[in-house]
Amino acid sequence: MKLLAILAFAYATYAFPAASRSKLTETLNERRTLNDLRIRQSDSDPVAVVDGLTQIPDDDHPFMAPGPTDQRGPCPGLNALANHGYLPRNGIVTQADIVSGTAAGFNMGGDLSEFLALIGIAYDGDLITEKFSIGGPDSRTSLLGSLQNILGVEGGLDHHGPFEADASATRDDAFFGDDHTMQPNLYAQMKSIAAQYGGLYNLDAMKDLQLLRYQQSIEMNPTFYFMPVSGPLIVGAKAFISEFFSNGTYGAGGVPNEASISAFFGAELLPNGSFTAVPERFPDNWYRRGTPFGLVEAIGQILDFISSKNLAFGANAGAVNSFVPLDLAAATNVNGLACIIRDAIQGNIPSSVEQPIDLVEQAISSLVGLVDPLFDDFGCPAFNASETQAYNAINQINSGNS
Ligand code: HEM
C-alpha cells in the first residue's frame with residue numbers, strides 16, 4: 001500500500017511541456033548534412049562514399065589489438081576508440097580523454113560525452129583522480145594504486161549497477177555471469193532482426209531489438225532491473241548503433257550495414273556461419289557522421305524508443321515474469337525524461353558509490369554540480385526526493401527486501 005502511494009505520488013509529480021527542440025535540431029542537422037554530402041551507392045555493395053565527411057581512422061590511429069593489461073569492456077564504441085588510440089590504449093581514461101576521443105572518432109556532442117564520462121567516474125571510477133576503467137577494476141584508476149580496496153571497489157564499466165545494465169544488445173545480463181563480453185549468439189540475434197530491414201541496423205530494427213531484449217530479460221532474469229539511470233542509457237545505446245556506427249550520417253544516406261556494424265562489435269563471421277568475438281575496430285572505408293549527436297538528440301531517441309515500444313520502467317521482483325512497473329508520466333516528453341534522469345543521478349550518487357562517503361563527500365557534491373548545468377535547458381524543477389523514495393521501494397522489491 002505504502003509503495004502504491006509512493007508510486008502514485010511520483011507519477012503525479014511530473015508533467016512538463018513537450019520539447020520541440022530535439023525535432024528542430026534534428027531537422028537543422030539533417031539539412032546541413034545534406035548540403036555538404038554527396039553520396040554514391042552501388043546496388044551490390046551499399047557503402048556510403050561521401051564528400052565532406054571525415055574518414056576514420058586517420059594515419060595516426062592505426063588498429064592495434066589490446067595487450068594483456070589493457071582494459072576493454074561492455075562498450076563497443078569505447079573499445080574501438082581505445083584499439084585505435086583515440087582513447088588511451090590501456091583503457092584507463094579521464095573525462096578529457098572521453099570528450100576528445102568520442103568527438104574525434106564518432107562526432108559525439110560534448111554535452112553527451114561529458115555526461116557519460118561523469119557517470120563513469122561517479123559510479124565506476126575514482127572520484128579523486130576522476131579516472132575510470134573502460135573494462136574491469138584496475139588499480140591504475142586510483143590515487144592509492146593497489147591499496148584502492150581500502151577505500152572500496154572501483155569496478156570499471158564492467159561493474160553491474162547504475163551504469164552497466166540488463167537487456168543489452170550483445171551482452172548477457174549480469175545475472176548470467178559475464179555482462180561485458182560480446183556474445184556471438186546475441187550478435188546473431190541482432191543480425192536476424194536487421195535482416196528483416198534489408199540487412200540494415202536502422203532505428204526501426206534497433207527498436208525491435210530493444211523490445212525483444214527487454215522481454216527476454218523479463219522472462220529469463222529474476223533480477224531484471226530497468227530503471228533510471230541505467231535503463232534509459234541501455235536504450236540509448238541501441239540508438240547509438242544506428243547513429244554512430246553507420247558509415248556516414250544516419251538519416252542522410254549513411255549506411256548501418258553488416259560491414260560497418262560487425263567491425264564495431266568485433267563480430268567475425270566464421271566459415272560455418274557462426275560468429276566469434278575479436279577486438280573491435282573501425283571498418284575499412286568508414287566515414288564519421290557529419291553532425292554532432294548530443295544529449296538532446298540522445299534523450300529524444302530514448303523517448304522515441306520507450307514510447308513506441310511501450311517499455312515501462314520497473315524491475316522483476318526476484319522471479320522471472322514478476323515485473324513491477326514504475327510509470328512516470330514525465331517519461332512522455334523530452335524535458336520530463338531528462339529531468340527524471342537528472343533526479344535519479346542526484347538521488348543515486350551518494351547512496352551508490354562504493355567509496356566511503358565521508359572521504360569523498362566534497363568530490364560528490366562537486367560532481368553533482370557538474371552534472372546539473374548539462375540539464376539546464378530542460379527546465380527541471382528542484383530535485384524531487386519523493387521520486388527517489390519510489391526508486392528505493394522498487395529497489396527493495398527487486399532485491400527481495402520488501
Ligand atoms: C562517452 C563515453 C561512453 C561511456 C562512458 C559508455 C559506457 C557504456 C557502458 C557502461 C555500456 C554498457 C551498457 C550495458 O551493456 O549494460 C555501453 C554500451 C554501449 N555503448 Fe557506450 N559509452 C560511451 C560512449 C559510447 C560511444 C561513443 C558509442 C558509439 C560510438 C557507444 C556505443 C555503445 C553501444 C552500442 C553499447 C551497447 C552494447 C550492447 O548492448 O551490446 N558508447 N557504453
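**Close-up views of a predicted model**

**Figure 1. Surroundings of Thr 170.** Leaving aside residues up to four places away in sequence, Thr 170 touches Thr 181, Met 182, Gln 183, Leu 186, Tyr 187, Met 190 and Phe 265, where contact means heavy atoms within 4.5 Å. The structure is a predicted model, in which local features need pLDDT of at least 70 and side-chain atom pairs count only at pLDDT 80 or more, while totals for chains, interfaces and linings use all residues. Residues are numbered from 1 along each chain as its sequence is written, and side-chain values use heavy atoms, with hydrogens and water left out. Thr 170 is found in the loop between β5 (131–133) and α6 (184–195); helices (H or I, at least four residues) and strands (E, at least two) are DSSP runs, numbered from the N terminus. The relative accessible area of Thr 170 is 2%, so this residue is buried. Buried means under 20% relative accessible area, exposed means over 50%, and partly exposed lies in between (1.4 Å probe, protein chains only). The side chains of Thr 170 and Arg 171 make a polar contact at 2.8 Å. A polar contact is a pair of N or O atoms within 3.5 Å; within protein, one must be able to donate a hydrogen and the other to accept it, and residues adjacent in sequence count only if both atoms are side-chain atoms.

**Figure 2. The iron atom of the ligand and Cys 75.** A single protein donor, SG of Cys 75, is 2.3 Å away from the iron atom. Donors are N, O and S atoms within 2.8 Å of the metal (3.2 Å for Na, K and Ca); because water is not among the atoms, sites may look incomplete. Cys 75 belongs to the loop between β3 (55–56) and α3 (76–83). Pro 57 lies in the loop between β3 and α3, and a cis peptide bond with omega of about 0° joins Ile 56 to Pro 57.

**Figure 3. The open sheet β6-β10-β11.** Its 3 strands pair in antiparallel fashion. The edge strands, each pairing on one side only, are β6 (225–226) and β11 (323–326). Two strands pair if DSSP finds at least two bridges between them; β6 and β10 (residues 313–316) are joined in the antiparallel sense over 2 bridges. Phe 226 has Gly 314 in β10 as its bridge partner. The peptide bond from Pro 228 to Val 229 is cis, with omega near 15°, and Val 229 is found in the loop between β6 and α8 (230–245).

**Figure 4. Helix α10 (residues 295–308).** The 14 residues of α10 should span 20 Å at 1.5 Å a residue, and the end C-alpha atoms are 20 Å apart, which agrees; the expected span is 1.5 Å times one less than the number of residues. The helix is mostly covered, with 11 of its 14 residues buried, among them Leu 295, Val 296, Ile 299, Ile 302 and Phe 305. Asn 310, which follows α10, has a positive phi near 50°.

**Figure 5. Positive phi at Asn 107 and Ala 167.** Most residues other than glycine have a negative phi. Phi of Asn 107 is near 60°; this residue is found in the loop between α4 (95–106) and α5 (110–124) and is buried at 14% relative accessible area. Ala 167 has a phi of about 65°, is placed in the loop between β5 and α6, and counts as buried at 0% relative accessibility.
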